Amino acid sequence: MNASDELVQVEAVSRRFPLDHNYVSALDNASLHVAAGEFLAIAGPSGSGKSTLLNLIGCIDKPTSGRILVEGVDTSTLSPSRMSALRREKIGFVFQTFNLIPVFTAAENVEFPLLIQRVGSHERKSRVAAALESVGLSARANHRPDLLSGGERQRVAVARAIVHHPALVLADEPTANLDTHNATQLIDLMHDLNRRLGLTFIFSTHDARLLEHTDRIVRLCDGQVESDSPVQGGRRG
Amino acid sequence: MDKFLLLAFRNIFRNRRRTLMTLMMVGGGVAGLLLAGGYFAFMTHGLRESTINDGLGHIQIFTADHFRRDEARVLDTGIENWRQVAATVSTGGHVRGVAPRIEFYGMVSNGTKAAGFMGSAVDPAAEKSLGFVSRIVSGRDLDPKPAGEVEALIGVGLAKSMNVSVGDGLTLLAMTSDGALNGVDVEIVGLTNSGVAELDARSLRITLPAAQRLLQSDRVTNLVVGLDATDNTDRVAAEMAPRLRGLPQQMVLKKWIDLATYYKQVNTMFNGIFLFMGVIVFFMVLMSSVNTLLMSMFERTREIGTMLAMGTPRGWIVALFMVEATLLGVMGAIVGVVGGNLLGMLLNASGLHMPPPPGYTVAIPFRVLHVPAQMIGASLLVIVSLALASILPAIRASRLQIAEALAHV
C-alpha cells in the first residue's frame, strides 16, 4: 500500500479517559492504515476500544497521544470548525441505534447531510432518490422512522451516510440492534456499496458471524491492535 | 432553510402534552394581559369621554392671567369680550360649539348653617347643545330663561349637609370684582351626583346671568369648546392657537388632557399596573420555558450528538432551538390573542358590573376593549421571552461533547 493510497492513518494513538482520580485507557498505542476503497471490520469484545477508535477516526474525539490523518490531513491540528467541516464533507456515519431524526421522513433524514452542505434543492432531490434506491427503500421514502422496521431504519441510516459521497463511511456496531438475517443483509448491502461506488467502509462488530463477509479484520483487545489480517476467501469483488 | 424551519416546527409537536401545557401557559399570559389591558382601556376611554362630556370639553380658553387669579375675585382676570373670543374660536372646522363659564367660589347658607361651595355658572342652552349633561338624580336641569327666582343645581352631598332638597331656597354669598360681598337667593331645582363624593359635597351650578349679577361683572372665566370627536383635539388646537393671538387680551388655550388631572392619574395608575403585569408574565414565561426547553434538550441529546457528528455547524443547533422557541412563542401568542378576545367578548356579553371604586358611588360596567396595540405588545412580549428562554438550552445543546452525546441513553 502506497502512502498516497492511504485514506486513514492511525499512528500510535492512545486515548485515556479520566475516571475518579485516575485514568482508564480505552486505546493504547494503536496503529492502523486504511486504503481508499477498503471494506474493513474492527472486531473485539465489548470494551476493547472499537467505538473509541471509530470516534477518533471520525473526528468526533481527539487522541490523548499519537495522530490520525484523514486524506493526509493531521486531524489533531484542526480547529473545531474545520473538524466539523471535515466530518460534513468527507465522512458518513452509521450508528448502532440508527439515530434518525424522528420527525423527519426517511427521505428528509437522507437529505440532512446535503442540507448542512447547502446543496441546492434540485440536486438534493436527485441525490436522495439515488441514495434511497441504492439501499432499496425508494418506496418507503415518505415514511417516518417509527413506521419502519429496524432493518429499514438502518438502511435509511446507510443512505444518509453515503448521500453526500463521502470518502469514508464509519459504522459503529451497525448490526447490534438487528436480527441475524437483517444484520447479514446490511453488511452485504454495505459491501455492495463499497464495490459499486468505491466507498471506504470501516465498521465495528463483535458478531463473529459477520466477519466472513468482510475483506479485512482488525482485532482489538484491551485497547491494543491484536491482529490485522485479510479474510481468507473474503468477498472482495 | 425551509427544511430547517420544518424541522423546528415538527420538533415543537414531539411531546404534545408538554407543548400544550406551554401553549396554555404562554396563551394564558397573553390572554390575561389582553383582558386586563382591555378592561383598563375601557376604563380610561370611558373616563376620558365622561370627563369631557361632564363639562370639561375638548378645549378651554382662558386669559393668560387666569392662572395667577385671586380665587375670591375670579373675574378680575376673566375674559372681557367673551362673545368676540367665542366667535373667533368657532370659525374653525370640527367645532360643535362654545360654552361660556364662570368658575367661582363662595359661601352658601340656609339661614342656620353656611358652607363653602365651588360654583359653576353656565349657559344651559350652550351646555345642552354641546351634550354636556349634569347628572341629575332629583328635580330638573336649569331653565335657560327662568321666569322667577335664580335657579340652582347642587350636589347631593351639599344638599345633605345643608339639609335641603328640591324646591328649597338657599342664599349664595360671593365677592364681587370690586371687593364687596354680594348675595343672591336661589331656588334649588335639582340635585346632581357626579359619582365623586368630595365633589358632590361642594358643587353648585347656576346660570351665567345670575352669576354675573352676583359677581357684578359681565366677564367669564373661561370658554369651553366642544368638538365633533376627541381625536381631533390636537389638530383643532394647533389651528386655533394662532387665531387667539390676534385678540386684545392675551389668551391661553388648554386641551382637555392638560386639565384632566384625575384622568391622567388614573391612566398612569393603569399603565403602571399593566406594566407590572407584563413584567410578571415575562418572567413567568421566561422561567418556565427555560425548564421546558432544557428538558427538551436533554431528551434530544443523542440526536443533537448525531447532528453534530454529521458536521452540523454548532450555530445551526443554537438557531434550531431558538427558532423552535420563537415558533412556540408565536403559537402561544396566537392562542392568547384568540382566547383573550373570545373571553373578552364573552365577558362583554355577560353584562357584569364592577363595584364602585374608592371615592365613587356608581358601579362601573365590566367591558373589555379589543386594542390591537395591546395584542401586538403582549405577543411580542411572550415571543421575546421565549426566544430569550431558549438561549441557555441552545448554547448547552451546541456545546455538547459529541462522543458523550452519542452515548447518552
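**Chain A–chain B interface and the build of chain B**

In this predicted model, 20 residues of chain A are in contact with 18 residues of chain B, two residues being in contact if their C-beta atoms, placed from the backbone, lie within 7 Å. On the side of chain A that touches chain B, two or more residues each come from α2 (80–90) and α3 (106–116) of chain A. The largest share, six residues, is given by α3(A). This side of chain A comprises 11 nonpolar, four polar and five charged residues (Ala, Val, Leu, Ile, Met, Phe, Trp, Tyr, Cys and Pro count as nonpolar, Asp, Glu, Lys and Arg as charged, and the others, Gly among them, as polar).

Chain B contains 15 helices and 12 strands; helices (H or I, at least four residues) and strands (E, at least two) are DSSP runs, numbered from the N terminus. The radius of gyration of chain B, 31 Å, is well over the 22 Å that the globule rule gives for 409 residues, so chain B is more spread out than a compact globule. This radius is taken over C-alpha atoms, and the rule is 2.2 Å times the number of residues to the power 0.38. The C-alpha trace of chain B spans about 100 × 50 × 30 Å along its principal axes.

An automatic or database assignment divides chain B into domain 1 (2–51 + 263–406) and domain 2 (70–220). The centres of these two domains of chain B, taken over C-alpha atoms, are 53 Å apart.

Residues are numbered from 1 along each chain as its sequence is written, and chains are lettered from A and ligands numbered from 1 in the order in which they are written. Local features need pLDDT of at least 70 and side-chain atom pairs count only at pLDDT 80 or more, whereas totals for chains, interfaces and linings use all residues.
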